[in-house]
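Here are some exercises to work through with the model open beside you. Try each task before reading its solution.

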Amino acid sequence: MKPATNRKNEHVSLAEHFYQADNDSSFADLQFVHHSFSEMQTNETNLATSFAGLVMSFPFYINAMSGGSKWTKQVNEKLATVARETGLAMATGSVSAALKDPTVSDSFTIVREANPNGLVFANLGAGQTVENAKRAVDLLQADALQIHLNTPQEIVMPEGDRDFSNWLSEIGQIVQQMDVPVIVKEVGFGMSRETLQLLRSIGVKTVDISGKGGTNFAQIENYRRKDYKLDLLEDWGQTTAVSLLEAQPYTSELEILSSGGIRTPLDVVKSLALGAKAVGLSGHILHLVLKEGVDDTIQTIEHWKEQLVSIFTLLGCRVSTDLQQTDVVVTGQTKDWCEARQID
Ligand code: FNR
């Protein structure tokens, strides 16, 4: 088996290698109807949101990516600096590497050191014990715990898990016994309404549907495979737009978060209009930090905030929940999907 530290470096470098400025998360299939009377001023907007009992000044955050090696410590430090300077919440990558090997703990704790007062989410894979979940949160003094679901990634990953029999019950235990909120997330394969129903049935309250269209872990793990490639799984899953539509029956019972291929502030607003409480960015922020550096990334995020204000105003929305009253037209393959699955 390859050491986890190599894997962490490979995930970050391959995510950047395969990064594309154009996403394919089906946001192009969602369009706002323009109405000529907005009847408000830009300075009436308030971008704040809340989920998992946490209040955030902005409706987007840095999603799980990094940690577990020397290089990914440096990446985490940069991401945490961006988070601190922009006031965005931030998740670390899976802390399991540090639970197995304490010598890499500093690649995660750097996130808290660099940003002592910010909102930080720890992250672990499904199939973990309550004890490990508590250790992950304690390590980072985290405000919440993300648990990721990634069966397609594990299947394609040469050294991946092959036993997924008890994920649901183990997550249920963690949700019941943690003192911090638990967010269950996908990793870019999206979710179905059946998955959301199961998560709800075990007491999960906050879910990141993390859809297809941005970072593609089937592609990344295929690249790492030395024997034969499982290319046929590279198109597996639901796009982010489709996953948000699948989530429609649950937007009042679950807190839905959106991620997967977010490239523009308009993608953020479309997600919020479909009921997301907030929107996570991974691949795009990683690309900015690696290619443009910390200062330019901070500047880009400040521009995103300004653009959100502009789009809210165009749509006549003062706060993000107002966006759910906007008129969104669904076209193309996303519309076909909704018809086939009888989603209104
Ligand atoms: C990830 N992602 C991820 N998710 C998770 O829950 N735990 C993890 O450890 C990681 N690791 C990771 C490494 C790298 C380099 C990337 C780019 C991503 C998945 C991530 O949080 C997100 O769900 C997907 O990447 C989809 O979003 P983007 O990248 O398309 O914005």
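Helices (H or I, at least four residues) and strands (E, at least two) are DSSP runs, numbered from the N terminus. This is a predicted model: local features need pLDDT of at least 70, side-chain atom pairs count only at pLDDT 80 or more, and totals for chains, interfaces and linings use all residues. Residues are numbered from 1 along each chain as its sequence is written.

**Exercise 1. The shell around the ligand**

Find which helices and strands each supply at least two residues of the shell around the ligand, and sort the shell by class.

Step 1. A residue is near a molecule or strand if its C-beta atom, placed from the backbone, lies within 6 Å of it. There are 26 residues around the ligand, and H148, G214, T215, S282 and G283 come nearest.

Step 2. Now look at the elements: α1 (4–17), β7 (144–148) and α12 (283–292) each supply at least two residues of the shell.

Step 3. For the classes, Ala, Val, Leu, Ile, Met, Phe, Trp, Tyr, Cys and Pro count as nonpolar, Asp, Glu, Lys and Arg as charged, and the others, Gly among them, as polar. The shell then has 17 polar, 8 nonpolar and 1 charged residues.

**Exercise 2. The annotated positions**

Locate the positions that UniProt marks as "binding site" and decide whether E154, Q153 and R7 are buried or partly exposed.

Step 1. The unreviewed UniProt entry places this feature at R7, K8 and Q153. Although spread over 147 residues of sequence, they cluster in space, the largest C-alpha distance being 13.8 Å. The same feature name is given by the record at E154. UniProt positions follow the numbering used here, feature names are shortened, and annotations may be inferred rather than shown by experiment.

Step 2. R7 sits in helix α1, while Q153 belongs to helix α6. E154 is also in helix α6, which covers residues 151–156.

Step 3. Count neighbours: a residue is buried if 20 or more other C-beta atoms lie within 10 Å of its own, exposed if 12 or fewer, and partly exposed in between, with C-beta atoms placed from the backbone. Q153 is buried because it has 24 such atoms within 10 Å. E154 has 19, so E154 is partly exposed. R7 has 19 as well, so R7 is partly exposed too.

Step 4. Two residues are in contact if their C-beta atoms, placed from the backbone, lie within 7 Å. Leaving aside neighbours within four places in sequence, Q153 touches G160, V187, F217, A218 and E221 by this rule.

**Exercise 3. Positive phi**

Which residues have a positive phi although they are not a glycine, and where do they lie?

Step 1. E39 has a positive phi of about 55°, in the loop between β1 (30–32) and β2 (49–51). E39 is exposed because 6 other C-beta atoms lie within 10 Å.

Step 2. Q342 also has a positive phi of about 55°, in the segment after α14 (332–340). With 6 other C-beta atoms within 10 Å, Q342 is therefore exposed.

**Exercise 4. Around F32**

List the contacts of F32, leaving aside its neighbours within four places in sequence.

Step 1. F32 is in strand β1, and its 17 C-beta neighbours inside 10 Å make it partly exposed.

Step 2. The contacts of F32 are L315, T326, D327 and V328, neighbours within four places in sequence left aside.
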